[in-house]
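I opened this entry to keep track of what I looked up, step by step. The overall fold comes before the details.

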Amino acid sequence: YAVGDKVLVDYSPGIEGDENFYIVGYSRTNAIYWLALLLALIVVAVGKLKGLRALIVLLLTFLIILKFIVPMILSGSDPLAISIIGSLFILILSVYITEGIGRTSTIAIFAVLISLVITGLLSVWFSAATKLTGFASEEAAYLVGLAGGNINIKGLLLAGIIIGALGALDDVIISQVALVKELKTANPGLAKRQVYGQAMRVGVSHLSSLVNTLFLAYAGASLPLLILFSVKEPPFLTFSQVIDNEMIATEIVRMFTGSIGLILAVPIATFLAVQFIKNDAKLETAPEKII
């Protein structure tokens, strides 16, 4: 620490009545506030009104997680059920606020829900198949001691998978639904099969980058752990020993189940959009006959 640094200081009285002060760490709030302000300015500058709506959704999402999901889990409620209910609220608010209330928004919500259910079922099945306990991190053990055993740690693991998949599903599904709407508007004469084929070609291109993005996000979060396991020190001498470790297995299950849900979301969203989005574009009238 240097003179002029803003730090956090804690206090504890000594046994003999003396006063002890010690530095806990740096105060980082000012830098974080400036970063948040920079993000808000850029989002509004680029996205204008829709960017402002996106910031409102971000704030509401934060409040739902902080004021509803977290307190309910701490009170002993099932984390998986609470995360599904919270995700539903987040989904409805985010889609209707950013995209407006309409047929396309409702189709996007149903597509996300179907994909989210598939992701949730896969995470339940494969977390059971791989015998994941949820105690892969020190934070989980600390939470058990803090909450007196009220928290379902395995349910908390599944809740994290659901919430983590929601953002990526929201992105790809809204893009696909909007694409189908634009194709129908621009080409009123196209059959549903043709619209589906064209939208899927774009969706597959988008999907390939999204799956890689999802992998990089999980790999980046687990990079110190991956480096630790790559030094080939006991008990991590072989590839099997590495992936058998619960910390690594948890991230693999999280990434693969999320990726499967993301992949299936493209045809699901495209099919629903093709079937239920009506073409409001008026066909051009035939030229008048010259007399």
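**Overall fold.** I started with the secondary structure and counted nine helices and two strands in the protein chain. The model is predicted, so I read every value below as computed from it. Along the sequence the order is β-β-α-α-α-α-α-α-α-α-α. I then checked burial: 32% of the 291 residues count as buried. Next came the contacts between residues at least 6 apart in sequence. Of these, 65% join residues at least 24 apart.

**Helix H3.** I looked up H3, which covers residues 103–129. Just after H3, I noted a positive phi of about 60° at Lys131.

**H3 against H5.** I took the pair H3 and H5, the latter being residues 153–186. Their axes lie 8 Å apart, at an angle of about 145°. The crossing of H3 past H5 is right-handed. I sorted the residues of this contact by type and found 16 nonpolar, six polar and three charged.

**Ser127.** I picked Ser127, which lies in H3. Is this serine buried or exposed? Its relative accessible area is 1%, under the 20% cut-off, so Ser127 is buried. I then looked for a polar partner for its side chain. A polar atom of the Ser127 side chain lies 2.7 Å from the backbone oxygen of Ser123. I recalled the helix geometry here: with 3.6 residues a turn in an α-helix, residues three or four places apart point the same way. Leaving out residues up to four places away in sequence, I listed what Ser127 touches: Leu132, Lys154, Leu158 and Val253.

**Ser83.** Which residues does Ser83 contact, neighbours within four places in sequence aside? I found Ala159, Ile162 and Ile163.

Notes
Residues numbered from 1 in each chain as written. Predicted model: local features only at pLDDT ≥ 70, side-chain atom pairs only at ≥ 80, totals over all residues. Heavy atoms only, no water. Axes fitted to C-alpha atoms, helices over the stretch in contact; angles between N-to-C directions. Helix = DSSP H or I, 4+ residues; strand = E, 2+ residues; numbered from the N terminus. Left-handed = near helix turned anticlockwise from the far one by under 90°. Nonpolar A, V, L, I, M, F, W, Y, C, P; charged D, E, K, R; others polar. Buried < 20%, exposed > 50% of the residue type's maximum accessible area, 1.4 Å probe, protein only. Polar contact = N/O pair within 3.5 Å; in protein donor to acceptor, adjacent residues only side chain to side chain. Contact = heavy atoms within 4.5 Å.
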